[in-house]
Structures are given as C-alpha cells and as structure tokens.
Amino acid sequence: MLCSVFAFAALGGDASSVQADAAHLQGSLQITTNASYALHEIQAPTGTRVREYVSASGKVFAITWQGPSIPDLKQLLGSYFPQFQQAVQAPKTRPSRTPVSVRQSNLVVQQGGHMRAFYGRAYLLDQLPSGVTEESIQ
Amino acid sequence: MTFDSMTSAPSRFAAIAALLFAALLLARCGGGSSSHQNTIAAPASNVQPISVNSGPNGNYGNGIFTSVTVCVPASSNCQTISDVLVDIGSYGLRLLSSAGGGALTLTLPQQTGSGGNPVGECAPFVAAVMWGSVATADIQIAGEQASSIPVQIIDPTFAALPATCQNFGVPEQDTLQTVGANGILGVGPFLQDCGPACTATGSGNPGLYYSCAGTSCQVAAQALAQQVQNPVGSFGTDSNGVIVELPAVSAPMVSISGSLVFGIGTESNNSLAGASVFPLDGSGNFTTSYNGQSYPAFVDSGSNGLFFLDSALTSLPLCPDTSSFYCPNSTVNLSATDSSGATSEQISFTVNNADTLFSSGDFVLPSLAGPNPGTFDWGLPFFFGRNVFAAIDARSTPEGTGPYSAF
C-alpha cells in the first residue's frame, strides 16, 4: 500500500533503503557515482527534486532538496527529525523572517528560498567523507 | 566659538562639500543605493503609505508595515487592520485572528470545498508554516479594491494541524508574538500562493490545502481561483504589479516612511523610470553571481536581512547566540552581480554585527545579514534607497510581461 507521500531513504540510513524505496517512487531515480560518494537524484511528482548522498560505506550522509514546496522532512531527516524540530522551534528573542539555519555539532539543516521555490540541505558533519566539503553539497 | 566659525568662507565651503561627499559615501555603503531613481510617491489613489518600524510587538527589526481594510464581500461590514507586514516574497493576504492575538475580529465567510466542508490551509514559508482557514473577503488598500477573493485566516483554534503540514518540519506561527504582525500582505510576482501543484490530486499535491470535517483535515485539490490570491491581481486598472519605495538609510534608525505603489506604467506615478528589468524564471528567481559562482536570487521585503552563502565562503562569522545572522567584528563591504537575460547590475552592500544592530534600540537596520545556502535572498536592506518593482506573472506592462523584478 502506498502512502500519499512516497518514501525516501533517510539521513543516516543505509543505501539499501534507497534501493528498496526506488520501487515505490512514482518519480524518476537517477544514480551517479564519483570517488567519494554515490548521488541518488529523485524527481518527485510534486515537482521537488531530492538528492541523497551515499558514502562508500553505504550511509546517507547528506540530502538536498529544491522545488515548489517543502518536502516531507520527517521522512527525509529520519532519526534526526526530532533534533531538527527541537532546534528550529526554540523560542526566539524577537520575531524574524530568516532562512532556516540549524548548526549543531553533528547536524546542519538549512532551508531558504521563498513561497513557491524552496531550497534546503541537511548533512551529518561527522560523516562527511574525506575530501567532501560542505559547499559541495548542493 | 566653534572651530568652524573661525575658518574663511572658501574653506568653510570646502568643509561643507567634504561633509556632503562623506554623507553620499555613507548612503552608498549603508543604504545600497543604486544609480536609478529613488522617489517616494506622494499620496494618490494607487499609493499606500508604508513604514519600517518596530511593529505591533515593539520588537520587529526590518519589517515594512501598513494597514489593510477587509470587508464581508459586497457589504459595508468592514474592519481596518493595522500593522500588516508588506511582503513581496509571498502571495496573498493572511490575517491573524483574534484567537491568535491578532486584530481581526470581523467574521468573514468561510470558503467551502467538496461536500461543503470548510477549506483549511497550511501556508509554507521557509522557516514557519501558517495554519488556519480560507475565507472570502473584499480588500481595500488606498483607493484600490479586490472583490471577493480568498484570504487566509491564521487561527490556532481552527482544526488540528494535519500530519502533512507538521512534516514540513518548521514551526507553526499563529500568535502575535511569533508572527510579529497582524497579518502578511503578499504582493509578490505571482497570483496564487501555490499555483498548479495544488490543483493536483494524489501524490503530486504538496499539501497546502485541506478539506476539514470537524477537526480532521485531509489534503484536497484546490483550483487556482480558489487559492489564496495576491489582491493586486484583482485590482481594477493597477493590477500588473507593485513598487516598494523606501528612502536610503545610512545608519540604523527607529523608523522610516515610504510608499507602496500599485500598478506599473498604468498611472503618471508608477513608470519604470529607467529601472533595470530582471525577468524571473518559473520559480520567481533571477541570478546573482558572487566570486564567480552563480546562485538563484530574489528580492524579498519580508526577509529581515540580506541572506547569502555561509561563513566558509564569505569569512563572515555567525553570531555567538544565533546561527541565523552574521556577526563580523567590524564593518564588511561586499559586492555581487545581479543578472537576468541582457540585464546585469553590480550591487554593493554592507554587513555589520547583527547582535550590535539588534541591541541598538533601532528597527531600521541597513546592514543586517545572515547565511543562506543555495540562494541569494535580497531582503529588506536591499530596498533602502531603491524603488523595487514586482511585475506579476503573465500581466503586461509597458516594459514587457511579468514575472519580473526591476530596480
């Protein structure tokens, strides 16, 4: 049975879940590889493009998204979703409208753009393969 | 006796000239002024006064506020709502209900969908969602009127927040304290807040609109005309876009006044007047280049600061107390190039320590900035000293069809 939101592998999960999920995807999945990681690119029916970065050891260490709406971050961030929510919901000293910029010792989650065009990325600082810079995760 | 009064007339003239030159330099650095006209339109039927001030909570930095009148359609049953944020990065009017501490007490007719169920909306912004019902209203701003269009009523008591909305992951903003305004007036370059995606059924629908039975809401397809609408698109003659006009700001201030002008090239007071036109792509973006790299970019009066890149690429440190803003030790001057099609313009801008700016007691902060991966967000500081145009998708203007930004 399919949910209305199809499944992705989650941040910190392993590559086999990407393969398993691929069967359920109603969008297209493309995989490219380089020396440091495999890049799984998924085009969702909502128009959102998700990229999952899988390390040589088979772990999803980064995810990026862009499209007309925010994707299901509970699904994408997996076990890191509660940590993200706790950080992003911390009370502010003043109202402000800024991009999301969560930066903790192990986890970075950012989201910017505007209504009808959202851009985000999440990655695990302690699981970036050597030679992979934060800037290269786009 | 002052030193100045001892000087001869010619040297006094030179001193004054030097001061004027210094003032001009400051204006360029702090206000990001452009070579194009920066005029503030005088009162007229298509001109709404706006103000950058501390907002209804007295603590909002870099927000434009104005008043909007809403009426039960085709009636004189109206309420004027003050302290509504002017945002050209979103589309549609959202008003905070009194249940959330907002000013709106007027009961507007609820929009209903299939089966007669009330329609709810989870409106996504990059760092928050707004949840509530969709209602129908006449909207009056200056001498303009939009008749019987969908608006959002932000209301924490309207049904339970659906799982799809929760899973966007960002917090719900539905109180005066968190919104910092009595509503948001979205007058950017699109007509609807979602567009074609929300007309889809099944997995292609991103989950902004809901059919609500009791407190339980299910994702529902929503036709374009039923989606929350940019009210400008429904105005009589001035319906092709807006101009945000604010004066140059060389240093932090308590407040400034300006004009929100409706229409582009439709009246004697809203011509493009030499501003450069940046056509927007289907996502509403042009391009900004910085250090040889290109990024999607947009102008957004609803963003408090200039948001771009990260500490690694800019050498600007994050603030010790928040990773949302930059806190350099001293003033940093930067530049980037905005472009689209044949148009290109270099933009100089200044970044100062956000913690210092926020503790200044001022609310107009021309050098407030922070990180933002992937896109260049030219927020409110960009607007100081510039007339910024937003031409609506598929609407014609004397300088071409929208969507475009011009400045």
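A: A residue is called buried under 20% relative accessible area, exposed over 50%, and partly exposed in between, with a 1.4 Å probe and protein chains only. Helices (H or I, at least four residues) and strands (E, at least two) are DSSP runs, numbered from the N terminus. This is a predicted model, in which local features need pLDDT of at least 70 and side-chain atom pairs count only at pLDDT 80 or more, while totals for chains, interfaces and linings use all residues. Residues are numbered from 1 along each chain as its sequence is written, chains are lettered from A and ligands numbered from 1 in the order in which they are written, and side-chain values use heavy atoms, with hydrogens and water left out.

Q: Which secondary structure elements does chain A hold, and what pattern does chain A follow along the sequence?

A: Chain A has three helices and seven strands. Their order along the sequence is α-β-β-β-β-α-α-β-β-β.

Q: What share of the residues in chain A is buried, and what is the accessible surface of chain A?

A: Of the 138 residues in chain A, 53% are buried. Accessible areas come from the Shrake-Rupley method with a 1.4 Å probe; for residues, only the protein chains shown count as cover. The accessible surface of chain A is about 5,900 Å², and carbon and sulfur atoms account for 50% of that area.

Q: How many of the contacts in chain A, as a percentage, join residues at least 24 apart?

A: A contact means heavy atoms within 4.5 Å. Taking the contacts in chain A between residues at least 6 apart in sequence, 42% join residues at least 24 apart.

Q: Which residues of helix 3 of chain A are buried, and where do they fall around the helix axis?

A: In helix 3 (residues 81–88) of chain A, the buried residues are A:Phe81, A:Phe84 and A:Val88. Viewed down the axis, these buried residues fall within an arc of 65°, so they line one face of the helix. The arc is that of the directions from the helix axis to the C-beta atoms.

Q: What lies on the face turned away, and what covers the buried residues of helix 3?

A: The face of helix 3 of chain A turned away from its buried side carries the exposed residues A:Pro82 and A:Gln86. The cover over the buried residues includes helix 2 (73–77), strand 5 (100–103) and strand 6 (107–114) of chain A, together with helix 3 (163–166) of chain B.

Q: What is a disulfide, and how many are counted over all chains?

A: A disulfide is a covalent bond between the sulfur atoms of two cysteines. Here the rule is a pair of cysteine sulfur atoms within 2.5 Å. By this rule there are five disulfides over all chains. With the bonded cysteines of chain B numbered in sequence order, the pairing is 1-2, 3-4, 5-6, 7-8, 9-10.

Q: Which parts of chain B does the disulfide of B:Cys122 and B:Cys165 tie together?

A: The sulfur atoms of B:Cys122 and B:Cys165 are 2.1 Å apart, forming a disulfide. B:Cys122 lies in strand 5 (residues 119–125) of chain B and B:Cys165 in helix 3 of chain B, so the pair ties together parts that are 43 residues apart in sequence. The torsion about their S-S bond is about 75°, so the disulfide is right-handed. B:Cys122 is buried at 0% relative accessible area, and B:Cys165 is buried at 0%.

Q: What is the torsion about the S-S bond of B:Cys194 and B:Cys198?

A: The disulfide joining B:Cys194 to B:Cys198 has an S to S distance of 2.0 Å. Its torsion is about 85°, so this disulfide is right-handed.
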